[in-house]
Amino acid sequence: MSDLEQLRAEHEALIQFLYLAPVGLAQADLDGAIVMMNPIAAQLLMPLSHDGSLDNLFTALEGVAPELRHLSSRFDKPSGKICDGLHVHLNAGGTGKKIPQILAITLLKLDGRRMMAVIDDVTLQVRRERQLRQNDAWLNAILTGITDYALVGLDAQGAVTDWNPSIGRVTGFGAEIVGRPYSVFYPRDAMTPERVLDRLHDADKDGWSLDEGTRARADGSSFWGSAMIAPLPDRADGDGRAGEPDGPAYCLILRDITDKREASECRRREAYGDYLTGLANRRAFFEAAEQELARSRFVPRSTAVIVVDADHFKAINDRYGHPGGDAVLQHLAAILAETFREVDTVARIGGEEFAVLLPSTDLARAEMVARRLRGVVASQVVQFDDAGIRYTLSAGVACLEPAEGPDGGIDLLLKRADQALYAAKRAGRNRVMCWRPESTDPAPPGEEGGKNAA
Ligand SMILES: Nc1nc2c(ncn2[C@@H]2O[C@H](COP(=O)(O)OP(=O)(O)OP(=O)(O)O)[C@@H](O)[C@H]2O)c(=O)[nH]1
């Protein structure tokens, strides 16, 4: 075989490998322009394309993984892994699947001109891993030296049934907490009455329910704790005679694990944090939404979403440079974090797009908070270098009412909020608009200032 034939055969084999590989492979130049890709890559990336074309990897993934372009431009080695198995959450509806699809993306810089993207659908694998992680947490809760724990009895509604010294030792609360819901051990705004019941349902369904986070003591101070709830085998039936409190139906084990906080926060930040703003990332948002809507099957309630988008953000980038734009995003993120409750999930879900999930919240309340947020942002100035940057935001608000059931899922909710946001942009920006079922167009803007109101 001549050298040329040899080369052709090798090239043929390479093309075949590319086409038959069980994962998506896309070769691109360093600006993301796609040179070639195999059918799986096309199939996985096509739902992300806005106009049916797939020319650029970064553009295709901008809405769901804005950090890719950033990671790639910052990668200064001649070759190597730019990112390894980065999880990207897609909306469920776009793909026709019932659960949000998750892609794992590995970007390899091949040389000074080319890179290769390896794209895999890891939706089911991630679900299984999540289940395993929960099992691990449960085992840890049992096996690690339990020295400082409070043992709390709860009735069928989650109210504390009695007091014992372990409760006093860990939380400082006295017998006055008997009859109060166990959310008394959580910071204000970290629980809703519906969520109190959710945990009990989870415990019934899975045999236990465990969460980790900030807990409150009687004196107002806080600690990092885990709270495991398990149903009791000989549980009370919840219909105690008048005047007599029910006996415990669940057992809550509250542990002070302050010394483990750093490790567990760090793990969480890595997987669920947005690298630029420190808020939750897209993945965290979709997981929280999926969980909230699944739970609202048991305890029906309204769930609201607010989608927030900085106005004329491209112009801010153009005028102050990308770092100036980043400073604005960080400023907006800080205001968002201050505005919402601990029980809400505040996330950056795209480049300059943020979303907030508000459990147990109706449209009127979500609208009120969004309007407050708009006002705060419009009144502030971001200091960047020697400049003061003013900016505004537009917001779209939508709600799933209990009567609708959770079936439309987070996709429907986000779609409604996006439509309202789009209408707010069209109406001149710097305003809040709500999606309402009676009209295809969201409601008029109310008292908001127009485009130029500060
Ligand atoms: N600084 C910075 N810019 C980003 C980031 N992610 C996306 N962008 C930029 O955000 C801009 C979004 O602009 P557009 O979607 O055109 O919207 P806009 O200019 O805000 O206009 P309206 O939304 O219609 O008010 C683009 O220029 C993106 O490059 C980021 O992480 N940092």
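# Close-up views of the chain

**View A. Five strands in an open sheet.** Here 5 strands line up in the order β11-β12-β10-β15-β16, making an open sheet with mixed pairing. At its edges sit β11 (345-348) and β16 (432-434), and each of these pairs on one side only. Neighbouring strands of this sheet are turned by 15 degrees against each other on average, direction ignored. A quick word on what you're looking at: this is a predicted model, where local features need pLDDT of at least 70, side-chain atom pairs count only at pLDDT 80 or more, and totals for chains, interfaces and linings use all residues. To find your way around, count residues from 1 along each chain as its sequence is written. The names come from DSSP runs numbered from the N terminus: helices are H or I with at least four residues, and strands are E with at least two. Two strands pair if DSSP finds at least two bridges between them. For the angles, axes are lines fitted to C-alpha atoms (for helices, over the stretch in contact), and angles run from 0 to 180 degrees between N-to-C directions.

View B. Zoom in on strand β15 (residues 393-400), which pairs with β16 in the parallel sense over 3 bridges. Which residue of β16 stands opposite A395? Look for V432. Helix α13 (residues 409-426) lies across β10, β15 and β16, and runs at about 145 degrees to β15. Contact here has a set meaning: two residues are in contact if their C-beta atoms, placed from the backbone, lie within 7 Å.

**View C. Two loop residues with positive phi.** S360 isn't a glycine, yet its phi is positive, at about 50 degrees. You'll find S360 in the loop between β12 (353-358) and α12 (363-378). Now hop over to R429, which has a positive phi of about 70 degrees although it is not a glycine. R429 sits in the loop between α13 and β16. With 19 other C-beta atoms within 10 Å, R429 is partly exposed.

**View D. The shell around the ligand.** There are 18 residues around the ligand, and D311, F313, K314, G325 and G351 come nearest. Being near means that a residue's C-beta atom, placed from the backbone, lies within 6 Å of the molecule or strand. Both β10 (303-310) and α11 (313-339) supply at least two residues of this shell. Which element gives the most? That's α11, with 8 residues. By type, the shell splits into 6 nonpolar, 5 polar and 7 charged residues. In this sorting, Ala, Val, Leu, Ile, Met, Phe, Trp, Tyr, Cys and Pro count as nonpolar, Asp, Glu, Lys and Arg as charged, and the others, Gly among them, as polar.

**View E. Four strands in an open antiparallel sheet.** This sheet has 4 strands in the order β6-β9-β8-β7, and the pairing is antiparallel. Its edge strands, β6 (149-154) and β7 (209-216), each pair on one side only. From one strand to the next, the twist averages 25 degrees. Helix α8 (residues 193-206) lies across β7, β8 and β9, running at about 50 degrees to β8.

**View F. Strand partners, pair by pair.** β7 and β8 are joined in the antiparallel sense by 8 bridges. E212 stands opposite S226 in β8. The hairpin of these strands has 5 residues between them, and in it G220 takes a positive phi near 90 degrees. Next, β8 (residues 222-231) and β9 (residues 250-256) run antiparallel, with 7 bridges joining them. In β9, M228 has I253 as its bridge partner, and A230 has C251.

View G. The chain holds 13 helices and 16 strands, and 34% of its 454 residues count as buried. Its mean pLDDT is 84, with 88% of residues reaching 70 or more; pLDDT is the predictor's confidence in each residue, from 0 to 100. Among the elements, β16 has the highest mean pLDDT (97) and helix α5 (residues 92-95) the lowest (46). Over residues 92-97 the pLDDT is below 50, and this stretch has 12 contacts beyond near neighbours in sequence. For the complex, the predictor gives an ipTM of 0.95 and a pTM of 0.65.

Methods:
A residue is buried if 20 or more other C-beta atoms lie within 10 Å of its own, exposed if 12 or fewer, and partly exposed in between; C-beta atoms are placed from the backbone.
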